[in-house]
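Dear colleague,

Please find the structure below, handed over for your own work. My notes on what was found in it follow directly after.

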Amino acid sequence: HWAEHHGRRRVLLAGWIAAWPIPLLLYFAPDWNWVVAATVLLGVSQGMCWSMTQTSMLDLTSADERGLAIGINEFAGYAGMALAGLATGWLAHRVGSRAGLLYFGVAVIGVATLMAWRLVAETRDWVRPAPLGGELVPSTREAFVQMSWTDRRMFAVCQAGLVEKCVDALVWIFW
């Protein structure tokens, strides 16, 4: 809704702005509550930034290229996470855990915010609305019910996605 109303670029920029306190919260954290707050902000930021990245990619691709576009986005995201892990590990070894996260976080968030502000183009206008053919667009509630319970194929896809995210979370917990 925000992307349609305010534009993808603005939501992306808001996501990066929401990330600014994260390195500071981690650096100055006197207890785990600050780490939890940083994690919540990370979720908000990632939700806005990643969603707008994918939405913008879908805006610019044709229907038969969308799977490839999302696949490239996923690959780039996970490759970026691996490189970030290496960089923060190296920095933590050199300057300490808190300082390493602070330096890396400020650098990445700063560059990303600057890029979102100066270089990213709005893609909302590239979208060509599909003809509805007399059908009404479902409400959010109707779409949720259909995706969660009515359409068995979509239920299976959503369930597989949920399991995938739970496995990712467990891997990070054990790591």
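At roughly what angle do the axes of helix α2 and helix α6 cross, and within what distance do they come? The axes of α2 (residues 8-19) and α6 (residues 97-118) cross at roughly 160 degrees and come within 9 Å. Here an axis is a line fitted to C-alpha atoms, for helices over the stretch in contact, and angles run from 0 to 180 degrees between N-to-C directions.

Before I continue, two remarks on the basis of these values. This is a predicted model, in which local features need pLDDT of at least 70 and side-chain atom pairs count only at pLDDT 80 or more, while totals for chains, interfaces and linings use all residues. Residues are numbered from 1 along each chain as its sequence is written, and side-chain values use heavy atoms, with hydrogens and water left out.

Overall composition

The chain has eight helices and zero strands, which gives the pattern α-α-α-α-α-α-α-α along the sequence. Helices (H or I, at least four residues) and strands (E, at least two) are DSSP runs, numbered from the N terminus. The C-alpha trace spans about 60 × 40 × 30 Å along its principal axes. Of the 175 residues in the chain, 22% are buried; buried means under 20% relative accessible area, exposed over 50%, and partly exposed in between (1.4 Å probe, protein chains only). Contacts (heavy atoms within 4.5 Å) between residues at least 6 apart in sequence join residues at least 24 apart in 67% of cases.

Helix packing

To return to the opening pair, α2 and α6 are roughly antiparallel to each other. The cut-offs for this term are as follows: angles under 35 degrees count as roughly parallel, over 145 as roughly antiparallel, 65 to 115 as roughly perpendicular, and the rest as oblique. The crossing of α2 and α6 is left-handed, a term used if the near helix is turned anticlockwise from the far one by less than a right angle, with right-handed used if clockwise. On the α2 side the meeting residues are R9, L12, L13, W16 and A19, and on the α6 side they are I109, A112, T113, A116, W117 and R118.

T113, in helix α6, is buried at a relative accessible area of 12%. Not counting residues up to four places away in sequence, T113 touches L13, W16 and W20. I109 is likewise found in α6 and counts as buried, at 7% relative accessibility. Leaving aside neighbours within four places in sequence, I109 is in contact with W16, A19, W20 and P23.

The crossing of α2 and α4 is left-handed. The contact involves R8, V11, L12, A14, G15, W16, A18 and A19 of α2, together with L41, V44, S45, M48, C49, M52, T53, T55, S56 and D59 of α4.

Helix α4 packs in turn with helix α5 (residues 66-95), with axes 9 Å apart and an angle of about 150 degrees. In this case the crossing is right-handed. W50, T53, Q54, M57 and L58 of α4 make the contact with R66, A69, I70, N73, E74 and G77 of α5.

Aromatic rings and charges

Rings of Phe, Tyr and Trp (its six-membered ring) pair if their centres lie within 6.5 Å; planes under 30 degrees apart count as stacked, over 60 as edge-to-face and the rest as tilted. By this rule there are two aromatic pairs. Y27 and F28 form an edge-to-face pair, at 4.8 Å centre to centre and with 90 degrees between the planes. Y27 is partly exposed, at 30% relative accessible area, whereas F28 is exposed, at 51%. F144 and W149 also form an edge-to-face pair, with 5.4 Å centre to centre and 85 degrees between the planes. F144 counts as exposed at 52% relative accessibility, as does W149 at 53%.

Two arginines lie over ring faces: R118 over W117, at 5.2 Å from the ring centre, and R152 over F155, at 4.8 Å from the ring centre. The criterion is that NZ of Lys or CZ of Arg is within 6 Å of the ring centre and within 35 degrees of the ring normal.

With kind regards
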